[in-house]
Amino acid sequence: MTIEEFLNLPEVEGEKRELIHGEVVSMAYAGFVHEIVKSNLIDLLAAWLRQNRIGKLFAETTYRMEGGALAPDLSVLRNDRLTPVTKDLPLGAPDLAIEVVSSETAARLRTKIRLYLRCGSRAVWVVYPDERLVEIHSANGQVTMLEQGQVLEDPDALPGFSAPVAAMFEGL
């Protein structure tokens, strides 16, 4: 299926879909743990971006990329990518894509990470609530795994950002 065909599919209430290499993938409902982690990340990133004005934070925005249309749980677009504002989907991958893992298979997650990075993401954060850890996949191929007692910093995607990994899992 092409991206145009995918975008013309009728919406199904309560269903989130992505297009990965021509295949339509339906996403399961996220559980409450997933949403708590996402909310914590929104708090951390929104506060930092208000102080550092380098871009905007988006939740479940679909990005149109070569090879698919993906909607990360959260994403950041740097200011230079915010104009012009159109009714179309943003082209290319977000500067930072964040996936909170709940029901996705490892193979599909790896495919999405590669697609984000190949299409321009500076980094992909993969957050594992059950293990309380975060993987940072950088565009240079480096993967950094951070556990609850560590501090997340990502100079490629968010220069100057710093937050305790534990803050992402508050309330769990």
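**Close-ups of a sheet and its helices**

**View 1. Helix α3 on the sheet.** Helix α3 (residues 106-118) lies across β7, β8 and β9 (133-138), running at about 155° to β8. Helices here are DSSP runs of H or I with at least four residues, strands are runs of E with at least two, and both are numbered from the N terminus. Contact means heavy atoms within 4.5 Å. Axes are lines fitted to C-alpha atoms, for helices over the stretch in contact, with angles from 0 to 180 degrees between N-to-C directions. This is a predicted model, where local features need pLDDT of at least 70, side-chain atom pairs count only at pLDDT 80 or more, and totals for chains, interfaces and linings use all residues. Residues are numbered from 1 along each chain as its sequence is written, and side-chain values use heavy atoms, leaving out hydrogens and water.

**View 2. The open sheet.** Six strands line up in the order β3-β6-β7-β8-β9-β10, with mixed pairing. At the edges sit β3 (55-59) and β10 (143-147), each pairing on one side only. From one strand to the next, the twist averages 15°. Two strands pair if DSSP finds at least two bridges between them.

**View 3. Around β3.** β3 and β6 (residues 74-78) run antiparallel, joined by five bridges. Look for Gly55, whose bridge partner in β6 is Arg78. Helix α2 (residues 32-52) lies across β3, β6, β7 (96-100) and β8 (123-128), at about 165° to β3.

**View 4. The β9-β10 hairpin.** Five bridges hold this antiparallel pair together. Ile136 stands opposite Thr144 in β10. Four residues come between the strands, and Gly141 takes a positive phi near 95° in this hairpin.
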